[in-house]
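Grab a pencil and open the model in your viewer. Here are a few exercises, each with a worked solution.

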Amino acid sequence: MGDVREYSELSEDRTEPFSQTEIQARLHRSRMEEFNAINTAVPLDKLAVPADDDIRILMRPLARDRTVREDRNVVPVSLRAEVAEDETPQQVLAVRQTARDISFTVSIPDYRNPDRRLACILYYDPASDNQILVNRSNVPFTLSRISQEPEESRGAQYQVNPEFNKSLSPGTWRINMDGTDLLDFRLLERRPVRLRAASSSSSEASDTSLVNSSGKRSFVADEDDVMSPEKRRRPANTADKKEDSVIMFLPAGAKGKELVASTGHPLLDLQSDETLEVPRGAGLVGYTITKKDPIASTTLSSVFTAEYSGAPGRYVVAKVLKTTAPAVNGNEGALAKTVIRQAQTWLRELENQEKLKHKNIVHLYGGDARFLSLYMESVDGRDLSARGVWRTNGTDLFAGDRSDALRILKDASSGLHYLHGLRLEHNDIKPGNILYSRERGAVVCDMGLSSEKGAGTGGGTPWYVPPEYIGLRQRGPPSDVWALGVVMLYVMGKISWPDIRAHRHHPRHLYWTIAHVHENKQHLQATAVSRMRAWLGEVTSVRNGLDVHDKLERLVHGMLAPNPRERLTMKEIVNQLFVEGPER
């Protein structure tokens, strides 16, 4: 009992209450001290960031009663000033980019007025150190550059309206909303990756490093080791390089290729037999990828075979989405929109394809948001539009026979039936997206336009879009059935490869833009609808000539029913092919 009494007496001595006035005064002093500490802290530009860390953004909230909403990628870190090792560590918020992050969302709520919440998204550009800011708030805010360097950019201000975007270079920026400074944030350069040249051994190659534009996070060479300009491999066009160029340095005595990257994108600049070493980081698995043979290159993507350490002992197909194109050079707004669109396409394809485990759908081994890259199964087969393989020279007809056509229908419909069972739609079935060999069979690839059932899309390839899109803008599983039906007309030899009609010099040139079918400008819409109807008329004419007593042709006839409600489903096609047998 004595212990209890002693504890009670001790408690009474130490719990004398403060007056309400003193509580308020102490609280005010605490807030002011915190506020003053924030505003007298070391500028974000002056903080040293470890070179081996994947931090892309540093943030410091400025309003004492508002803070950044928690996110899985935001962590508090203590950093010291670059020039003062004994400086008190500065507490800031750090954002790391993982292999799945195409962007980071900043959210600073205003609990007194939800409509004044600050919300913006920062998209990472894989081809430069820049990031694209999109204002998702309900009101405009002011964006100011407060970095000390470069001097000519210091103090620049921009008003960013809701849903508008702005491309931002590395450095520190401030967001002010309604006269209140809410946030300072510093954009950091990409973490370097290493190049192992084709002629180098592993030990020699490990010293080769890719350096970002600012050089702040880079391999630090001795003065004698830095290459002279004449030792660097220059890009074909150096006029556009400026601050987004990246340089690969070699230490003295190292053997290998020396180059200046022409796009700022390591994977797109990779040459045949060169190896890229991507270092591991916080929550990141390091890997290597060695480029082999090119497969295809368009304005939107580059596809090539490669050796990928994430699939040991196997070749993979690497698909890298591009965010720069001749059409957007010098147009900041168009470039920003391209970065956002390609990043969203990459994420959709990654998330949809990683769910799929089917022998007739290309298997995904992995992907990396930092490069907008996907690493997929290398199928022993060429796509159905490959000239000289499955497409004849001159006539552009399918080079296979009836057994090939039947196998393609069985395999492709099996893969798509599985896809539809997961409530997903492909949205871009065409000969170029079906790989085929007689040994492996048909494999559906390219999930870049795939979507969840009912989400809809305005993308695809014109000749494979169903008739219901004209009036109702409908897409979905019946759209995939229709598209495969058009593909089957090609592989059965009923029509030539449809895509050839896009060529201006084709004697029966016929092309339209899918988006123009519902365009507000009447002349564009009228042209697109007229051309689409002309093509649908051709498909209907061929469909009417099919022999419905022949099982293969009867199935294709049902796949091309103009009314989607009367069209066969993938389930019905699979049942007739696999359950009833191929020739009944």
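Before you start: this is a predicted model, so local features need pLDDT of at least 70, side-chain atom pairs count only at pLDDT 80 or more, and totals for chains, interfaces and linings use all residues. Residues are numbered from 1 along each chain as its sequence is written, and side-chain values use heavy atoms, with hydrogens and water left out.

**Exercise 1.** Work out whether C120 and C445 are buried or exposed, and how many disulfides the structure holds.

*Solution.* Start with the cut-offs: buried means under 20% relative accessible area, exposed over 50%, partly exposed in between (1.4 Å probe, protein chains only). C120 comes in at 1%, so it's buried. C445 has 14%, so it's buried too. Now the disulfides, meaning pairs of cysteine sulfur atoms within 2.5 Å: the structure holds 0.

**Exercise 2.** Find where N360 sits and what it touches.

*Solution.* Helices (H or I, at least four residues) and strands (E, at least two) are DSSP runs, numbered from the N terminus. N360 is in the loop between α5 (332–353) and β19 (364–368). Its relative accessibility is 2%, so N360 is buried. Next, list contacts (heavy atoms within 4.5 Å): leaving out residues up to four places away in sequence, N360 touches D411, S414, G415, A442, V443 and V444. Finally, zoom in on A442: its backbone oxygen lies 2.9 Å from a polar atom of the N360 side chain.

**Exercise 3.** Explain why helix α10 counts as largely enclosed, and name what covers its buried residues.

*Solution.* Count first: 7 of the 9 residues of α10 (residues 551–559) are buried, so the rest of the structure largely encloses this helix. The buried ones are K551, L552, E553, L555, V556, G558 and M559. Their cover includes α6 (402–421), α8 (477–491) and α11 (570–579).

**Exercise 4.** Track down the salt-bridge partners of E553 and R100.

*Solution.* Look for a side-chain nitrogen of Lys or Arg within 4 Å of a carboxyl oxygen of Asp or Glu. E553 pairs with K494, with the closest N and O atoms 3.3 Å apart. That links helix α10 to the loop between α8 and α9 (522–544), 59 residues apart. E553 is buried at 13%, while K494 is partly exposed at 37%. R100 meets E354 at 2.9 Å, N to O. Here R100 lies in the loop between β3 (90–96) and β4 (103–108), and E354 in the loop between α5 and β19, 254 residues apart.

Note on methods
Polar contact = N/O pair within 3.5 Å; in protein donor to acceptor, adjacent residues only side chain to side chain.
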